[in-house]
Structures are given as C-alpha cells and as structure tokens.
There are 2 protein chains.
Amino acid sequence: MLQNRQQILTGDRPTGCLHLGHYAGSLQQRVVLQNEYSQTILIADLQALTDNGFNPGKVSENVLNLVADYLAVGIDPRKSTICLQSALPALSELTMYYLNLVSVSRLYRNPTVKNEIESKSFGGSVPAGFLTYPVSQAADITAFKGELVPVGDDQLPMIEQTNEIVRKVNRICGKAILLESKPLLSNVPRLKAPDGKNKMSKSMNNCIFLGADEKSISAAVKSMYTDPLHIRVEDPGCIEGNIVFEYLDVFHPDKQLVFRLKEQYQTGGLADSKVKNILNECLQELIKPIRIKRDELINDKAELLSILGQGTAKANEITYKTLSEVKQGFGLMNV
Amino acid sequence: MLQNRQQILTGDRPTGCLHLGHYAGSLQQRVVLQNEYSQTILIADLQALTDNGFNPGKVSENVLNLVADYLAVGIDPRKSTICLQSALPALSELTMYYLNLVSVSRLYRNPTVKNEIESKSFGGSVPAGFLTYPVSQAADITAFKGELVPVGDDQLPMIEQTNEIVRKVNRICGKAILLESKPLLSNVPRLKAPDGKNKMSKSMNNCIFLGADEKSISAAVKSMYTDPLHIRVEDPGCIEGNIVFEYLDVFHPDKQLVFRLKEQYQTGGLADSKVKNILNECLQELIKPIRIKRDELINDKAELLSILGQGTAKANEITYKTLSEVKQGFGLMNV
C-alpha cells in the first residue's frame, strides 16, 4: 500500500537551525504530506559544502540540529525518511554519470545558479562544485524517483534541469528507468525578516528560530517593522508591507480575528503595540511546544543519530537500486 | 614488507584494445615496476565516460579487453592490483568533496584540459564531467595514496592540480592526511603510427594491437614510412623520421645490430625491404606470445572478471579508508 504512494523528495542544507521561515514555507507542509505521500527528507550536507567547502565543520555541526527541528515540529520518522546526503554514495556516483550529460554552458545558463553566483560574490572563483550542484540535485531527485519536489518558484529551473537529465538517461538506456518530476509549489510567500527588508536568513542573523526562547521571540516581535507613518493610535494605518500583519496572516489560526484587526488598523484606533501583543502571544504559543520538544531531543544525540541512521540505511537501499538500474541500463559492468 | 613499498597509480581508459604504443610507453614499464612497488592499475571507465557519456557501451565492452591485455604482457595480478573505477564509490565521493575546493576558472586554465577541449572540438558544449575530470583524477590518485604517477610530460598539469587539492585538504584537516604525488616520466617518446604522421591512436585506426595477427603486423610494417628519397638500394638513406628505425630503436633487443643497420643505411647499400624484414621478424616475435596468451584469456571471461573483482575488492578497502580519513578530517558525520 505504502509502496504505491507518490514519492516526494525534499530537504534542507544543514547550515544552521531552522526558523519560522522554514516552518511556514515547508515544515508545516511536510507534516501534512507525510500522511499521504512517501516522503524523503534529505539533509543536504554535500550541497551545503558546495559553498562551504573550506569550512566543513559548519555543515557537520548542524546536521543533528536539523533532525531535532524536524522531529520537534511533528515530522514522524515512521512516516518520513530522514537521511544524510553524504552517507549515500549512490548519489555521488549518479552525479558522476550525469555530469557527462550536461554541458558547462548549460550550467551557466541555469537562472537559479546565475543569481546565486551573483549574490554570493564568488567573483572569478566559483567553486566547480557550486556550478555543478544542479547536477548533484538531479542525482538526489532521480535516485529517490522523486515525482513531486516541493520548491519555491525560484527553484523551477532545477526541476527543468533534472528532467532534461532524466530524458537523456532514458534515451541512452532505451527505456524509462528514471522518472520526470513535478514541482509542488508552496502557496506561502517567502517570509520576511522582522525588519521587513530582507528574507529571514540564517546568514543575516535575523531569524526567529524554532528553538527561540520567550524573550527573544518578544524582542523580535517588538522590533518588527510596521507602518512608520502610523504615529498616533487614532490615525489610519497601512497593512501593506506591515510585517506584523504579514506574520498574523501566516501564523494566526483565527483568520476572522486577523481580518477584523486589519479593518480596525486601517480605519484607525488600533495601536501597533496591541497588534504586536496579539502576534507575540500567537508565536509564543506556536513555538513553546516545539522548543520544549526540541530541547529534550537535542539532549539525546544518540537517539537523533539512531533515527538518522535508520533513515539513511533505508535511503541507501533505494538509491543503490536506482544506481544499479542506471548502470545496467548503460550496459556498465558489475564487478 | 609489501606494505612499505611506494604506491604507484597508473591506468588506462577502456576505449579500445591496447597497442604497441601502450606497450612501449607504459606496459613494459609496469611489468618491471610491479616487482619493486605497490602498483595499482585503474581501468578508468568513469574517466572514459567524460567524453563518451552518451555511448557508455563503447566503454563497457572494452574493460575485459584491457584486463586481457594486461595479463598477456605479463602484469601479474598477485603483484599489481587491477581494478575498475566505476566500481569504487569512494572515488566518486572524494570527487564531490574536491569539486568544492577547485574553481571553474582554475579548471579552464589547466593546459592539458585546454588542449583536449580544442582537439576534441566540443565547441560550446564541453560536458561538465570533461571539464572537471582532473578533479576526479585527483580523487583517484589521492584515494590510493599514489606517491608516483607514471605520466607523459603533457600530463604534468594533472599532477600539479592534484597536489593543489592535496594541500587544500590537508590544510582544512589540520594534518597531512593526503600525500603529494610525483610524476614518473616515461623515457620512451610517444610511438608514431606506421604512417609517420600521427601518434598511434585507437580513434585513428592506425594501431598495431597487442592481439594483432601475423598478417596485419606484416602489412603494417610493409606500409611503414621510411625515407621517400631513398629510391635505389645503393643510395644513402636518412634515418631521421624513418619509422622503421624508430621502431627498431624501441623494440629490437639487439641494440648493436640496430646501430650497424643505421650506419649501413646512411652510407647506402641497405634496402628498405631488408630493414623492414628485420623489424617484421622482431615484432612478430614480440607479439606472438602476447597474442597467444591473450587469445586464451579472452575466451575465459569468468577468470578475467574474477581477477578484476578481486583487485577491485582490494581497491575498495584502500579507497574507503582514505575517504573515511578525509571525512573524519573534515569533521563530517558518520551515520
């Protein structure tokens, strides 16, 4: 029964703890999807190394943080397979084969990579592993026969690149060994940071983490960007670009209340401090059980390792099977 | 005792049977080296795929040809480890780590790759696997802790690239996990084809193969380029660029005889046909036992596979050990 479920491949780079942006953008969705799909969550440490190659410690130390985050939000290892990319040799092996099927100029034309190269200011020295990471990503997706891949729309070129490789491999093999995959677009816009300017990003140190304590949640909400022209309570306020309302939209369970608050704020008579209090309460309630669970988990590293080990063992079976199908399809030798 | 021998890594791309050019340039040397060194001979099918990615069958079908060629010339699997690159996952895994430590522009500056890209006329579509193959080669050399790598001088940039990676990895790990390697330059100039214009090359169909039959050896010698101005026997002839003498220099065991023949040819009075007869006899004698042995071997595929399997198993132990040292040095997780 479970065997016939559609395969979903998703994951994160272990470069820091997960935060509310991840919660809204993907974690919540995964908790739901694991009931209907066969979901694999790949901790993409190899991919994280493509721009942290000289600092592997940063990547390694965050692997168990991710496992703890996943479990704390309700991802169930009996339903989802949590696994570690660097412990799955078949992914590297598939990457080696796929690298021969993609031209360097095609990689440079990938819009996602292009933007990332610009924003990361590698200058003239883009690491070869970074330029080629879409190929490694194609190996990930195809190794798990991922049919659905949850992505933001900035990641669509990755699916396109993957499907190009799928078609090439299947043409060489003369049969459909690999599956083309489809994007599963998230309906949540990317969460902005409290300052309202940037996206929430580990590297910008502007995150509300899933393990955040009460004080730092309150501080983050207090500092949130609202309507700078909304000086007196009785003045009408603007909700566009008002981060407090953006967060209420995403996180508050009572949508009617949020609707009424917006009306009142726009009419005049609703203080920023009051709206912030409501958001603070909401976020405290949301994060508290996650934090408690997470604290428990992070103190039992052996258990986290065991869960990761079991998921990785299962993933090794699946990915080796695909690798061996591809090698057989290519007519390569089995010694 | 054997453990302390210096490590040599060498190998070939399985894109065709081996020929006299390989015999003179590397095989003969390997037969000697295996008595003094710990020699690994890697059948580089992954590397062969970097410019045959869409035609993997061509690569696969030549793997056992290479094993037969090796054994036929006297490479002893009890002394040399013969192994298959694609069956050594640690090599792909190391490649993934090293790709992050080398910039794309550094790869484009590699003179060997630059020349090969030009000569192979990939045009705008150099496969990513081809551009990055020096990194994969660095993985091969370092995984076996190769201290000596027999190369032609056109391959020196590969050793340089490898040693750059070695230094980077050791710096990240804070200790000397990998070894720098040294080239072992061959003293035999690259053997020209019988036409005297090109090098002997599988792709140009101008080879004298190690399995060549009597007739094709004779035909190749008969067609050999000599001195086109040496019309009458009594005329003085020129030995520079005279392929028959180049081959005699390389292959004839009696160096004094060759010296006398040269003198006589330059003075006048020695017919091309006579020199060619001497060369033909010499090559027939050289190739006959190789051909007989090779014919026997190629009919026992199970035995060839078993030898390759045993060598590959041994190589897997060695390469996994290096991989695990590098991963530990990087502080990566072991799940």
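## Domains of chain A

In this predicted model, chain A is divided into domain 1 (2–191 + 301–329) and domain 2 (211–295), with bounds that come from an automatic or database domain assignment. The C-alpha centres of domain 1 and domain 2 of chain A lie 34 Å apart, and 11 residues of domain 1 of chain A are in contact (heavy atoms within 4.5 Å) with nine residues of domain 2 of chain A.

Between them, the two domains of chain A bury about 930 Å², with 73% of it on carbon and sulfur atoms; buried area is the accessible area (1.4 Å probe) that two parts lose on being put together, summed over both. In domain 1 of chain A, the residues that lose the most area to domain 2 are A:Leu20, A:Ala72 and A:Leu191, together 51% of what that side buries.

## Two helices of chain B

In chain B, the axes (lines fitted to C-alpha atoms over the stretch in contact, with angles from 0 to 180 degrees between N-to-C directions) of helix α11 (residues 214–222) and helix α14 (residues 272–298) come within 10 Å and cross at roughly 150°. Helices here are DSSP runs (H or I, at least four residues), numbered from the N terminus. That angle makes α11(B) roughly antiparallel to α14(B), a term for angles over 145 degrees.

## Basis of the values

Residues are numbered from 1 along each chain as its sequence is written, and chains are lettered from A in the order in which they are written. Local features need pLDDT of at least 70, side-chain atom pairs count only at pLDDT 80 or more, and totals for chains, interfaces and linings use all residues, while side-chain values use heavy atoms, with hydrogens and water left out.

How values were computed:
Parallel < 35°, antiparallel > 145°, perpendicular 65-115°, else oblique.
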